[in-house]
Amino acid sequence: MLTRRQTLTSAAALPLAAGLATTASAEAEMKGPMFAQANRFTLGGFEVTALLAGTRTVTDNPQGIFGMNVSEEEFAEVSQANFIPTDAAQFFFTPTVVNTGAELILFDTGLNPDGITGALAAAGYTPDQVDVVVLTHMHGDHIGGLGGGATFPNARYVTGQVEYDHWAGAGNEGFDANVRPLADNMTFIADGGSVASGITAMAAFGHTPGHMVYMLESDGASLAITADTANHYVWSLAYPDWEVRFDMDKAAAAQTRKDVYGMLAADRVPFIGYHMPFPAMGYVETRGEGGFRYVPVSYQMML
């Protein structure tokens with residue numbers, strides 16, 4: 001029990017302690033925003049690491065990208081209900097590394113070599129350890145880290161045949177610089193094709209002509225890598241019929257969102273979405289007639 005003298009002594013010290021704390025706090029410099037670059041967890045016998053290879057704030061009319069076919073009023077109402085502004089959006093670029101125990105497999109490569117190599121380093125990997133690079137599709141933010149083959153000196157490459165064939169005839173500079181030089185070291189797969197044991201391709205066309213989703217299964221645990229099936233957790237995933245500027249076939253992309261996320265909702269399978277808020281992983285549940293709700297992971301993958 002404190003005596004009266006001890007109580008008075010403690011009380012007298014409080015102003016001094018408070019002053020010291022205030023002075024110390026005032027001298028600390030502002031650090032600015034900070035993001036983790038890697039999130040690792042186990043999936044059965046696999047080890048999966050999501051990599052933040054870049055993030056970007058866009059303030060130039062988000063509705064010019066998402067929800068192009070809905071009114072400004074509806075866009076604003078949905079945004080407000082989900083606590084996000086209508087005049088800015090945050091983009092995330094999230095390649096994924098899967099260690100099967102036999103191979104280190106990287107899904108997509110980010111915007112540029114520095115971004116992906118930095119993210120790999122944050123996760124404890126070096127580019128020369130990558131055995132396989134899987135390209136879900138050929139948009140620049142997925143192939144930009146390839147460096148024309150220089151970034152991953154020991155890797156072989158896997159992509160969808162339909163996707164490759166489209167871009168090979170499209171006269172696209174990014175494809176010609178980054179992907180075409182790798183053709184002789186590339187395996188082409190179709191819907192249902194296997195990247196490795198437990199990793200299966202699934203056609204998810206629409207965003208691009210040959211866009212692919214990949215299903216991971218190990219020791220009874222499952223995870224989907226959905227790439228750009230949805231480009232935003234509200235303005236695309238939750239409202240699959242909202243048109244997205246980046247979708248090359250908007251009707252097919254909308255149907256793919258319904259099919260893929262309907263399946264994941266029914267089976268309660270988690271997924272990593274390339275543009276979801278980092279760590280880019282969550283679940284999806286159905287909402288009303290034809291809509292969905294994104295449910296970010298909490299501690300499920302730690303158990």
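## Pockets

A pocket here is an open set of points on a 1 Å grid over the protein atoms alone, with protein on both sides within 12 Å along at least five of seven lines; a residue lines it if one of its atoms is within 4 Å of a point. Grid points are joined across faces, edges and corners, and a volume is the space filled by probe spheres set on the points. One thing to keep in mind: this is a predicted model, where local features need pLDDT of at least 70 and side-chain atom pairs count only at pLDDT 80 or more, while totals for chains, interfaces and linings use all residues. Residues are numbered from 1 along each chain as its sequence is written, and side-chain values use heavy atoms, with hydrogens and water left out.

The largest pocket comes in at about 340 Å³. Its lining takes in 23 residues, and Y233, M281, Y294, P296 and V297 sit nearest the centre. Two or more lining residues come from each of β1 (38–43), α7 (233–238), β15 (281–287) and β16 (291–296), with β16 giving the largest share, four residues. Helices (H or I, at least four residues) and strands (E, at least two) are DSSP runs, numbered from the N terminus. Sorted by class, this lining has 17 nonpolar, three polar and three charged residues. For that sorting, Ala, Val, Leu, Ile, Met, Phe, Trp, Tyr, Cys and Pro are nonpolar, Asp, Glu, Lys and Arg are charged, and the others, Gly among them, are polar.

The second largest pocket has a volume of about 200 Å³. Of the 14 residues lining this pocket, F91, F93, D141, F246 and H275 lie nearest its centre. The strands β3 (54–58) and β4 (89–93) each give two or more residues to that lining.

## Cavities

Searching the whole structure turns up two cavities of 30 Å³ or more. The largest cavity holds about 40 Å³ of space, and its lining includes T94, F107, D108 and Y274. Both β13 (221–227) and β14 (271–273) supply at least two residues of this lining, which divides into six nonpolar, three polar and one charged.

About 30 Å³ lies in the second largest cavity. F66, Q90, F91, F92, N231, H232 and H275 line it, and by class that makes three nonpolar, four polar and no charged residues.

## Helix α8

Helix α8 (residues 250–267) has 18 residues, and at 1.5 Å a residue it should span 26 Å; its end C-alpha atoms are 26 Å apart, so the two agree. The expected span is 1.5 Å times one less than the number of residues.

Which residues of α8 are buried? They are A253, A254, T256, R257, V260, Y261, L264 and A265, where buried means under 20% relative accessible area and exposed over 50% (1.4 Å probe, protein chains only). Seen down the axis of α8, these buried residues fall within an arc of 160 degrees, so they line one face of the helix. The arc is that of the directions from the helix axis to the C-beta atoms. On the face turned away from the buried side, α8 carries exposed A251, A266 and D267. After α8 comes R268, with a positive phi near 55 degrees.

## Strand β7

Strand β7 (residues 132–135) is covered on both faces, with V132 and V134 buried on one side and V133 and L135 buried on the other. β7 pairs with β6 (residues 104–107) in the parallel sense over three bridges; two strands pair if DSSP finds at least two bridges between them. L106 has V133 of β7 as its bridge partner.

Methods. On a 1 Å grid over the protein atoms alone, a cavity is a set of points where a 1.4 Å probe fits but cannot get out, and a pocket is an open set with protein on both sides within 12 Å along at least five of seven lines; lining residues have an atom within 4 Å of a point.
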